[in-house]
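Please read this briefing with the sequence and the three-dimensional model side by side.

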Amino acid sequence: MARPKIALIGAGQIGGTLAHLAAIKELGDVVLFDIAEGTPQGKALDIAESGPSEGFDAVMKGTNDYADIAGADVCIVTAGVPRKPGMSRDDLLGINLKVMKSVGEGIKQYAPNAFVICITNPLDAMVWALREFSGLPHEKVVGMAGVLDSARFRHFLSVEFNVSMRDVTGFVLGGHGDTMVPLVRYSTVGGIPLPDLVQMGWTSQEKLDAIVQRTRDGGAEIVGLLKTGSAFYAPATSAIEMAEAYLKDQKRLLPCAAYVDGAFGLNGMYVGVPTIIGAGGVEKVVDIKLNKDEQAMFDKSVEAVKGLVEACKGIDTTLA
Ligand code: A3D
């Protein structure tokens, strides 16, 4: 069987890391696309030259021509601009919406059967726009945010509890912004829910609250340290986890920015929810029960996402 084809639209910090990870994990042949001439070609060659030492078999191609993504099984989109210190994700809206138009049209023409993972910010609005411009089925277009936000939450918890990150599960739902909803009740260490661990004296409520807030500010913490861009190792790893779930039909239960129509009382919009990712793309949105406080936080996050989508519609009148 031919190797799967993975198209990476955007060959910047995340795009290059995605290409390297896809090669090391032998997920398939990789096409790196960017409008910057030389960047995707240089990164593709550099990664290909790591093949003999790492021992992977994958073809790496860099290109400025959309025709080269033809027939891709997976497209991961990072094209656009990242945040600089002092900027919110929402400040990127106008520039990145125009980028989503060209990317969506490129995917529609050359890779209409792909599973598309959007990473470009502001995430929930950009994944909506990418779906609109590409015209692909909703279950084949998804945003990466919840896996990363949950990974940050899990990492901070593992440090607090001094346990392996593998034994910490965490759930962050809602929009990928200041209103994201880390769900303490559904997060566990070895299956023990966090509220029980507070009662057992493993941590205090104050410390847990601080970890929740640090998770919400996780992206800004990295932007503040790097000063020249935003996080890229963990975002790339998170998207690769989703791509692998699709390519290997793993039926992973992952929090993703998916199209929700009916579940959570929502009426057709993209937002972070628990999903099952398998060969069908987003095969299921898992409609979990929220308590009053969680519902209030989720509602606030949903309103923030709706506001961004409305702002997009104001920028480009060709959008539905
Ligand atoms: P960066 O290193 O600047 O790479 C972006 C690349 O996109 C550059 O190489 C550009 O040349 C390229 N590009 C710009 N316009 C186009 C276009 N029209 N077509 C094709 N390529 C284009 O950024 P990055 O890789 O660090 O981040 C990429 C995006 O991901 C940004 O919008 C970030 O805000 C976002 N991001 C999202 C998360 C989430 O968790 C959702 C996390 C981190 C970053």
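The ligand is surrounded by 35 residues, of which the closest are Gly12, Gln13, Ile14, Ala79 and Asn121; a residue counts as near a molecule or strand here if its C-beta atom, placed from the backbone, lies within 6 Å of it. This is a predicted model, in which local features need pLDDT of at least 70 and side-chain atom pairs count only at pLDDT 80 or more, while totals for chains, interfaces and linings use all residues. Residues are numbered from 1 along each chain as its sequence is written.

**Shell around the ligand**

- Helix 1 and helix 4 (93-110) are the elements that give two or more residues to the shell around the ligand; helices (H or I, at least four residues) and strands (E, at least two) are DSSP runs, numbered from the N terminus.
- Helix 4 provides the largest share of this shell, namely four residues.
- By class, the shell around the ligand holds 19 nonpolar, 14 polar and two charged residues, where Ala, Val, Leu, Ile, Met, Phe, Trp, Tyr, Cys and Pro count as nonpolar, Asp, Glu, Lys and Arg as charged, and the others, Gly among them, as polar.

**Helix 1 with helix 2**

- The axes of helix 1 (residues 13-24) and helix 2 (residues 39-48) come within 10 Å and cross at roughly 30°, the axes being lines fitted to C-alpha atoms, for helices over the stretch in contact, with angles running from 0 to 180 degrees between N-to-C directions.
- That angle makes helix 1 roughly parallel to helix 2 (angles under 35 degrees count as roughly parallel, over 145 as roughly antiparallel, 65 to 115 as roughly perpendicular and the rest as oblique).
- Gly16, Ala19, His20 and Ala23 of helix 1 meet Lys43, Ala44 and Ile47 of helix 2, two residues being in contact if their C-beta atoms, placed from the backbone, lie within 7 Å.
- The contact of helix 1 with helix 2 comprises four nonpolar, two polar and one charged residues.

- The axes of helix 4 and helix 5 (residues 123-134) come within 8 Å, crossing at roughly 35°.
- The residues in the contact of helix 4 with helix 5 are 10 nonpolar, three polar and three charged.
- Helix 4 and helix 11 (residues 292-315) have axes that come within 10 Å and cross at roughly 70°, and these two helices are therefore roughly perpendicular to each other.
- Leu93, Gly94 and Leu97 of helix 4 meet Leu308, Ala311, Cys312 and Ile315 of helix 11, a contact with six nonpolar, one polar and no charged residues.

**Backbone exceptions**

- Most residues other than glycine have a negative phi, and most peptide bonds are trans.
- The peptide bond from asparagine 121 to proline 122 is cis, with omega near -5°, and proline 122 lies in the loop between strand 5 (115-118) and helix 5.
- Lysine 227, although not a glycine, has a positive phi of about 70°, and its place is in the loop between helix 9 (218-226) and helix 10 (233-247).

**Domain records**

- UniProt, in an unreviewed entry, lists residues 5-143 as "domain: Lactate/malate dehydrogenase N-terminal"; positions are given in the numbering used here, feature names are shortened, and annotations may be inferred rather than shown by experiment.
- Over residues 5-143 the chain is 40% helix and 18% strand, with the end C-alpha atoms 19 Å apart.
- Residues 148-307 carry the UniProt feature "domain: Lactate/malate dehydrogenase C-terminal" (unreviewed entry), and this span is 45% helix and 23% strand, with its end C-alpha atoms 23 Å apart.
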